[in-house]
Amino acid sequence: MRFMVIVKASKESEAGVLPDEKILANMGKYNEELAKAGVLLAGEGLHASSKGARVKFSGNERIVMGGPFAETKELIAGFWLWKVNTKEEAIEWLKRAPFDGGTEVEIRQVFEPEDFGRALTPELREQEERLRAQVDQRKTS
C-alpha cells in the first residue's frame, strides 16, 4: 500500500521561513531511516503558496488564480510518499517524525490499479503500466 503523508502549512511556512540546520539534520536522519526500511518513495518540501497558482475548471473555461491563498489550514508545506503494509504502519512511522509546535500531518492512501475494478479495462491498465514504466525510466536516467 502507498500513502501520501501531507504536512500542513503553517504561518511560518507560508511566510517563507526555512528550517534551521538542526531541523534539517533531524529530518535528514528520519528520512534515512525511512529509506533504509524501504518505506520512502518520495518526499519534498514546498514553497509558500505566494509562489503558486490555482486553476479552476468551469466547462471550457480555465481561471488562473495566483497565490498567496488565504486559508493556511487548507494548504500543504510538504509531503512524503511511503510504501507500507497498513495505515497503522504509516501512523507508527509518522509518530517518530521530528515534529513539534503543533505541526499537523495527514495520511491518505493512494489508489492502486486494482482499486478501480472493472472500470480499469485491460487497455487502460496497459496504458497505466506503460506510463509508470516511462516514469521509472526517467528516474534512472
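Modeller: The largest pocket holds about 1,200 Å³ of space. This is a predicted model, in which local features need pLDDT of at least 70 and side-chain atom pairs count only at pLDDT 80 or more, while totals for chains, interfaces and linings use all residues. Residues are numbered from 1 along each chain as its sequence is written, and side-chain values use heavy atoms, with hydrogens and water left out.

A pocket here is an open set of points on a 1 Å grid over the protein atoms alone, where a 1.4 Å probe fits and protein lies on both sides within 12 Å along at least five of seven lines; lining residues have an atom within 4 Å of a point. Points are joined across faces, edges and corners, and the volume is the space filled by probe spheres set on them.

The lining of the largest pocket comprises 41 residues, and those nearest the centre are Val7, Ser13, Pro19, Ala77 and Phe99. At least two lining residues come from each of β1 (2–8), α1 (11–14), α2 (21–36), β2 and β5 (76–83). Helices (H or I, at least four residues) and strands (E, at least two) are DSSP runs, numbered from the N terminus. The largest share, 6 residues, belongs to α2. By class, the lining has 18 nonpolar, 14 polar and 9 charged residues. Ala, Val, Leu, Ile, Met, Phe, Trp, Tyr, Cys and Pro count as nonpolar, Asp, Glu, Lys and Arg as charged, and the others, Gly among them, as polar.

The second largest pocket has a volume of about 210 Å³. Its lining consists of Arg2, Leu41, Ala42, Leu81, Arg132, Val135, Asp136 and Lys139, divided into 4 nonpolar, no polar and 4 charged residues. Here α4 (122–140) gives the largest share, 4 residues, and β2 also supplies at least two.

The loop between β2 (40–45) and β3 (53–58) contains serine 49 and lysine 51. Serine 49 counts as buried because its relative accessible area is 9%, whereas lysine 51 is exposed, at 63%; buried means under 20%, exposed over 50% and partly exposed in between (1.4 Å probe, protein chains only). Beyond its neighbours within four places in sequence, serine 49 is in contact (heavy atoms within 4.5 Å) with Glu14, Gly67, Pro68, Phe69 and Leu75.
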